[in-house]
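Work through the exercises below with the sequence and the model side by side. Try each task before reading its solution.

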Amino acid sequence: MQSEPPPLAAQFASSPRGARQARQLAVRHMEEWGYPTASDASCAVALVVAEFAANAVRHGRVPGRDFGLRLALDVAAGLVRVEVADAASANRPPATLPPSAPEGESGRGLLLVDALAARWGSAPRHPLGKTVWAEVPVAPSTGVR
């Protein structure tokens with residue numbers, strides 16, 4: 001029986017650069033878990049991290065506060081749990097997916113998350129803020145390094 005690898009936990013500046021760094025670190029960490037950069041699992045996790053981090057920067061930014069990223073691999077369940085925490089309590093993701101106009105420049109990110117994740121949602125974070133999470137199904141890796 002394979003043991004669970006340690007999760008990744010990191011803080012990033014609430015900026016476009018911080019969002020990009022979060023996505024890049026998630027891809028590197030997936031590779032450490034045995035999921036190559038171009039694998040479906042790594043690409044799915046990267047997309048979910050990118051969407052949640054971009055939303056944390058755009059909608060959850062509180063001046064002077066960073067956002068957090070946590071990734072955890074559940075080998076037995078075949079899931080990677082992605083969590084992005086920010087300091088804005090009021091701006092939670094919608095309970096239902098918003099309609100997206102095909103010609104619109106935004107509004108499709110959560111539709112992609114919904115397509116890639118087995119489950120996703122948000123929860124309040126104490127003392128302030130929220131955590132948006134998703135569980136992304138992954139096939140068995142080539143081996144945790």
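**Exercise 1.** Find the bridge partner of Pro124 in β5.

*Solution.* This is a predicted model. Go to Pro124, then look across to β5: its bridge partner there is Lys130. Now count the bridges between the two strands. Six of them join β4 to β5. The two strands run antiparallel.

**Exercise 2.** Decide whether Thr131 is buried or exposed, and list what it touches beyond its sequence neighbours.

*Solution.* Thr131 lies in strand β5, which spans residues 130-137. Step two: take its relative accessibility, which is 14%. The cut-off for buried is under 20%. Thr131 therefore counts as buried. Step three: leave aside neighbours within four places in sequence and list the contacts.

**Exercise 3.** Sort the residues of strand β1 by face, then find what stands opposite Phe12.

*Solution.* Begin with a general rule. In a regular strand, side chains alternate between the two faces of the sheet. Now apply the sorting to β1, residues 8-12. Its covered face holds Leu8, Ala10 and Phe12. Its uncovered face holds Ala9 and Gln11. Then cross to strand β2, residues 67-74. Five bridges join β1 to β2, and the two run antiparallel. Opposite Phe12 stands Phe67 in β2.

**Exercise 4.** Describe the protein as a whole: its elements, its buried share, its contacts and its surface.

*Solution.* First, the elements: three helices and five strands. Along the sequence they follow the pattern β-α-α-β-β-α-β-β. Second, burial: 41% of the 145 residues are buried. Third, contacts. Take those between residues at least 6 apart in sequence; 65% of them join residues at least 24 apart. Fourth, the surface. The accessible area comes to about 8,000 Å². Carbon and sulfur atoms account for 55% of that surface.

Key:
Residues are numbered from 1 along each chain as its sequence is written. This is a predicted model: local features need pLDDT of at least 70, side-chain atom pairs count only at pLDDT 80 or more; totals for chains, interfaces and linings use all residues. Side-chain values use heavy atoms; hydrogens and water are left out. Helices (H or I, at least four residues) and strands (E, at least two) are DSSP runs, numbered from the N terminus. Buried means under 20% relative accessible area, exposed over 50%, partly exposed in between (1.4 Å probe, protein chains only). Contact means heavy atoms within 4.5 Å. Accessible areas come from the Shrake-Rupley method with a 1.4 Å probe; for residues, only the protein chains shown count as cover. Two strands pair if DSSP finds at least two bridges between them.
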